[in-house]
Amino acid sequence: MKSTQALVLVFLALLFAWAGQIALGFFQVGKLEPILNEETNYTVPPVPSGLAQTGSRVFAAQGCLECHSLSVRGPTGSADIARGWGPRRTVPRDYLFREPAWIGSSRIGPDLSNIGIRLPDANELMMHIWNPRLKKASSTCPPHPWLFDLKVSGPIIEKEALPVPSKDWKQILPTYQAKALVAYLQSLHSDYSLPEAPLK
Amino acid sequence: MNAPLSSFSKSSLASLILLIGSVSWALLGAGLQVLATLQLLVPSLAYLLPIPWIAYGHLAPLTTFLFTYGWITSGFLGVLLILIPRISGIPFRYGKLLTSAALLWQIAVLIGVAEIIWNGATGLTSLPFSRSVTCLFLASFLVLGTGLTRGLGRSWKSGPLLPRLYLLAALLALPLGLGTAEILLRGGLAPGALQIIAQLVWHSFLHHLWLTPLALVLLFQLLPTLTGRPVGSLSLGLLAWGATIGLGGWIGMSLASEGPVPSWLQSAGVVATILLAVAVWGNGTLLKPLLDGKIEECRRQVALRFLAVSLWSYFVSYAWLAFLAIPGIRQATTFTVVAQATQSLLLFSFYGNALAGAIYALLPASRTVGWPRHPALTIHFWFSTLGIASVASCYGIAGILQGLALNDPGVPMSTIASYLRPFLSVVLLGQIAWWIGQLAFSTLFFATLLKLFESVAPVAIFPLPRDESPSSLNPAHH
């Protein structure tokens, strides 16, 4: 085999793998459009807020993806829906406005595709991020106190302060990162119907 | 062929920088990996020491990054810079440029480490660092890769063909995969679910079209040399090479189960993974006979011992991947710790042992030193091998159990976590054993470079310094 022949063969093989997956993938999932919900007159999937998009980066930076997935599988061959992780399976259109998009690789903890439905209250999410064992003593999820500021309590308790006592009676105030992370978690829900994955 | 000894020294500083970096990053990664697993095993530790940069979420991507880009890639480039000019007989020009590129690679790893520690990972599969680090990697690779490609030229017709073909494929796959992943994922060209496809394609390119071919370069070049036996059938080798290159880029799709990846792509990934068994079978048929009846030589030659384990790990890794791709098993084991078992088999056992064997075989040629007959050699081999075996087997069994439990809605998540704990204990012990093995190796490595030991048992494959004929590395087929 000549070196030029080998070079051409290798290049074609790599191009085939690349184009076969990315280019054909683009035609199938890269051109998806949001769907108009005629009842609400909003499009689905919903466009996340800027704060939620910032929160997605906090989510990745804190390594949440090491233990949590973001993909609910259908009822055939998996128990995701039976576990209450979502009302339906996740489909490519659900990821339309997720920037960046990811599915995770491990389920040491539960899937978070629909955490916005399961835990809609921002305060509860904040408490979980501060100390997951406040609500569930056996939680294996680590705390993230560095996403909060401790501030000496004055006569007025700030509205954003977490309703938990801390050392020296300081107030626990979420940082911008914590607020963004909560906004992102709240934006994770697929409680809308899509033609390819209707709600039953 | 006729290049004098001094002409090879132009690349020796570059290879030394890459190898020193590789050994150091492996040692650091091994320590951090133990710390990460300890937190997974005892979650209360995170409550006692809530420090962000040693949190599990930071350490897990950091160790994967260190092992992939710091240890294995840096090490592979280092040994290839020793190997390629000697087998081709074409010494590298521009030694200072190569040295700068080797330094740049280490700087890129260092910046990547600092970024992940302080800012956290990006969450992108196999791309946990920023765009600036990608640019540094690509700039460094442009110089190192060009140097290696140049070494391929003259020997194309005279030397063994298969290592060159694998090298050629790897040298094209890395820039193509990394460059396109960077553009698609951070250049805003891949919307929504296409980002996940792009991540899986890059993951496949990195492992199966960059690292696996490089490990096969070392196996196809060094095993015939060390055993003195030629590789049998070139046609079978070419078939296996074609299958590896043609199918390697598709394997990542078998990691997805439903979700954002179209089902035809997942099926293609499954088919590719199972068909890749053809390539592994082909290479196995070629390489296994080289080791038949060579147990005594494996005991005597530490390089051959590591390369033999690497060869067996190659079969086991791809057989394991094919097993996981079987429908039903794939659905049950997606999102479980079997991913860590696969990583242990590929990174630590297959690539890691090929790298260790190559360093043992090639460093004496580059530095004109011999390895001493020292207990650290035995410690390195046995602690590494037993460590990896226990980590991979425990993660494998734990992952299958975890998958079965996840598919039973009656089993709470806290119970599944408790199932994992006994396995994680053994994994932790295995990782500590591997760390001890690396510690022994790095002690030996640095002591040998500094010539602190009497060199009593050199295992150099080049009869340096007088006869440096590259033909001593070419006993394979022509």
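This is a guided tour of a two-chain predicted model, stop by stop.

**Before you start**

Residues are numbered from 1 along each chain as its sequence is written, and chains are lettered from A and ligands numbered from 1 in the order in which they are written. Because the model is predicted, local features need pLDDT of at least 70 and side-chain atom pairs count only at pLDDT 80 or more, while totals for chains, interfaces and linings use all residues; side-chain values use heavy atoms, with hydrogens and water left out.

**Stop 1: where the chains meet**

Colour chain A and chain B separately. Here, 71 residues of chain A are in contact with 76 residues of chain B. Contact means heavy atoms within 4.5 Å. The two chains bury about 5,800 Å² between them, and 68% of that is on carbon and sulfur atoms. Buried area is the accessible area (1.4 Å probe) that two parts lose on being put together, summed over both.

Now select A:Gln21, A:Arg73 and A:Arg83. These three supply 13% of the area that chain A buries against chain B, more than any other three residues.

How many salt bridges are there between chain A and chain B? The count is 0. A salt bridge is a side-chain nitrogen of Lys or Arg within 4 Å of a carboxyl oxygen of Asp or Glu. Polar contacts between the chains come to 15 residue pairs, both residues at pLDDT 80 or more. A polar contact is a pair of N or O atoms within 3.5 Å; within protein, one must be able to donate a hydrogen and the other to accept it, and residues adjacent in sequence count only if both atoms are side-chain atoms.

Select helix H1 (3–30) and helix H2 (50–61) of chain A, the elements that give two or more residues to the side touching chain B. Helices (H or I, at least four residues) and strands (E, at least two) are DSSP runs, numbered from the N terminus. H1(A) gives the most, with 20 residues. By class, this side of chain A has 38 nonpolar, 23 polar and 10 charged residues. Ala, Val, Leu, Ile, Met, Phe, Trp, Tyr, Cys and Pro count as nonpolar, Asp, Glu, Lys and Arg as charged, and the others, Gly among them, as polar.

**Stop 2: the domains of chain A**

Select residues 1–31 of chain A for domain 1, then 35–187 for domain 2. These bounds come from an automatic or database domain assignment. Taken over C-alpha atoms, the centres of the two domains are 38 Å apart.

**Stop 3: salt bridges**

Over all chains, the count is 12 salt bridges. Begin with A:Arg88 and A:Asp94. Their closest N and O atoms are 2.9 Å apart. Are A:Arg88 and A:Asp94 buried or exposed? Both are buried. Buried means under 20% relative accessible area, exposed over 50%, partly exposed in between (1.4 Å probe, protein chains only).

Next, show A:Glu160 and A:Lys179. Their side chains meet in a salt bridge at 3.0 Å, N to O. A:Glu160 sits in the loop between strand E3 (148–152) and strand E4 (170–174) of chain A, and A:Lys179 in helix H5 (residues 176–187), 19 residues apart. A:Glu160 has 39% relative accessibility, so it counts as partly exposed. A:Lys179 is also partly exposed, at 28%.

Move to chain B. Pick B:Glu182 and B:Arg131, a salt bridge with closest N and O atoms 3.3 Å apart. B:Glu182 lies in helix H7 (residues 161–186) and B:Arg131 in helix H6 (residues 131–152), so the pair ties together parts that are 51 residues apart in sequence. B:Glu182 is buried at 8% relative accessibility, whereas B:Arg131 is partly exposed at 42%.

Return to chain A for a network. Salt bridges link A:Arg73, A:Asp80, A:Arg107 and A:Asp111.

**Stop 4: the backbone**

Most residues other than glycine have a negative phi, and most peptide bonds are trans. The next picks depart from that pattern.

- A:Val44 to A:Pro45: this peptide bond is cis, with omega near -5°. A:Pro45 is in the loop between strand E2 (42–44) and H2 of chain A.
- A:Glu99 to A:Pro100: another cis bond, with omega about -5°. A:Pro100 lies in the loop between H2 and helix H3 (115–118) of chain A.
- A:Asn41: phi is positive, near 65°. A:Asn41 is in the loop between strand E1 (35–37) and E2 of chain A, and is exposed at 58% relative accessible area.
- B:Phe335: phi is positive, about 65°. B:Phe335 is in the loop between helix H13 (329–333) and helix H14 (338–367) of chain B, and is buried at 5% relative accessibility.
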